[in-house]
Amino acid sequence: MDARSEGESAAMKNRTTVERKSERELVVTRTFNAPARVVFEAWTQPELLKRWWAPKSTGMTLLSCEADVRVGGRYRFEFGHGDSQSMVFFGRYVEVTPHSRLVWTNEESDDGAVTTVTFEEQGGKTLLVLHERYPSKEALDGAIAGMEGGMPEQFGQLDELLVTLGASGGRS
Amino acid sequence: MRASRSREVGNARILNYMVQYSQTRFDASFAALSDATRRGVLVQLGGADASITDLADRFHMTLTGMKKHVGVLEQAGLVTTEKVGRVRTCKLGLRRLEEEAAWIEKYHQLWSARFDELDKVVEELKRKEKVDGRKKRR
């Protein structure tokens, strides 16, 4: 019986969709072949969360993962990536409704998004909707443009060079 | 331990690590910048958009010569051009739309990868529940 249900779930791999819903919102959806309480558990037990939050394909490793999933509880994730410095993410859970809804803030900067995850069960499956709302259009645009910041160090030097060129152009 | 750029937050910072900018684009950018005229064109466009004719005049060049320079800058993604009527206008190019599309794609990859792993965790929890359920019924 178990073998059959495993086979079924492997055959039906669910699709993840992403949409920029508005100037300051991103929405991600995915269906899971399990009841909402099971999916919810995997989001709220730190030892389960850490098993999927930093998939290998991202090249990241989760160095530490603390998540006190209660209203007002804090989370703190620390990622490592090769030899570069680690990155720390932190914020607070502001809504925790068992098996149906989670809301948390991201507090590394004023431009951090508020993330809402809803778990909607239908016929034993769960539709998960993750919604990230940035404080402003500029914050989301900044996050997107921030990709420039992830470029190799040389691109940072290129930025500086362009600034220098601009400055010398202004003098001439 | 702190991130160097405060504007990158949350998943954006993860994506920034994931994005592998191609060496090709990097080389193209530097090749484009190796020429004094092209650097001058960038400075000029930093002030205001300009037509190829304007730029040719400003740098005392033929139209053909300036077209070549602009072409190199365009290839490197440093300049975009748009033809309206008979005039081709040049502006500093950041490939904004392409960048957004590329970012959304990376964001999609991140969540797809996470959710595929989450599937495994969920399957394991389901199996456990079944086993526990059977135990309880005994």
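Here are some questions and answers about a predicted model.

Reader: Which residue in β2(A) is the bridge partner of Thr17(A)?
Author: Start with the strands: β1 of chain A covers residues 17-22, and β2 of chain A covers residues 25-32. They pair in the antiparallel sense over five bridges, and a hairpin of two residues joins them. Look across from Thr17(A) into β2(A) and you land on Thr29(A).

Reader: Is His99(A) buried, exposed or partly exposed?
Author: You'll find His99(A) in the loop between β5 (84-97) and β6 (101-105) of chain A. A residue is buried at 20 or more other C-beta atoms within 10 Å and exposed at 12 or fewer. His99(A) has 15 such atoms within 10 Å, so the label is partly exposed.

Reader: What is the phi of His60(B) near?
Author: First, find the spot: His60(B) is in the loop between α4 (52-58) and α5 (63-75) of chain B. Most residues other than glycine have a negative phi. His60(B) isn't glycine, yet its phi is positive, near 50°.

Reader: And is His60(B) buried or exposed?
Author: Count the C-beta neighbours inside 10 Å and you get 9 for His60(B). The cut-off for exposed is 12 or fewer. With 9 neighbours, His60(B) therefore counts as exposed.

Reader: Which are the edge strands of the open sheet in chain B?
Author: That sheet has three strands with antiparallel pairing, in the order β1-β3-β2. An edge strand here pairs on one side only. That gives β1 (50-51) and β2 (79-84) of chain B.

Reader: Which residue in β3(B) does Thr80(B) stand opposite?
Author: β2(B) pairs with β3 of chain B, residues 87-92, in the antiparallel sense. Six bridges link these two strands. Across from Thr80(B) stands Lys91(B).

Reader: What angle does the direction of α5(B) make with that of β2(B)?
Author: Two helices are worth a look here. Helix α3 of chain B, residues 36-47, packs on the sheet and touches β1, β2 and β3 of chain B, at about 90° to the direction of β3(B). α5(B) packs on the sheet too, touching β2 and β3 of chain B. Its direction makes an angle with that of β2(B) of about 120°.

Reader: How far apart in space are Glu74(B) and Leu92(B), C-alpha to C-alpha?
Author: Glu74(B) sits in helix α5 of chain B, and it touches Val79(B), Thr80(B) and Thr81(B), not counting residues up to four places away in sequence. Glu74(B) has 15 C-beta neighbours inside 10 Å, so it counts as partly exposed. Along the sequence, Glu74(B) and Leu92(B) are 18 residues apart, while in space the C-alpha to C-alpha distance is 9.2 Å.

Key. Residues are numbered from 1 along each chain as its sequence is written. Chains are lettered from A and ligands numbered from 1 in the order in which they are written. This is a predicted model: local features need pLDDT of at least 70, side-chain atom pairs count only at pLDDT 80 or more; totals for chains, interfaces and linings use all residues. Two strands pair if DSSP finds at least two bridges between them. Helices (H or I, at least four residues) and strands (E, at least two) are DSSP runs, numbered from the N terminus. Two residues are in contact if their C-beta atoms, placed from the backbone, lie within 7 Å. Axes are lines fitted to C-alpha atoms, for helices over the stretch in contact, and angles run from 0 to 180 degrees between N-to-C directions.
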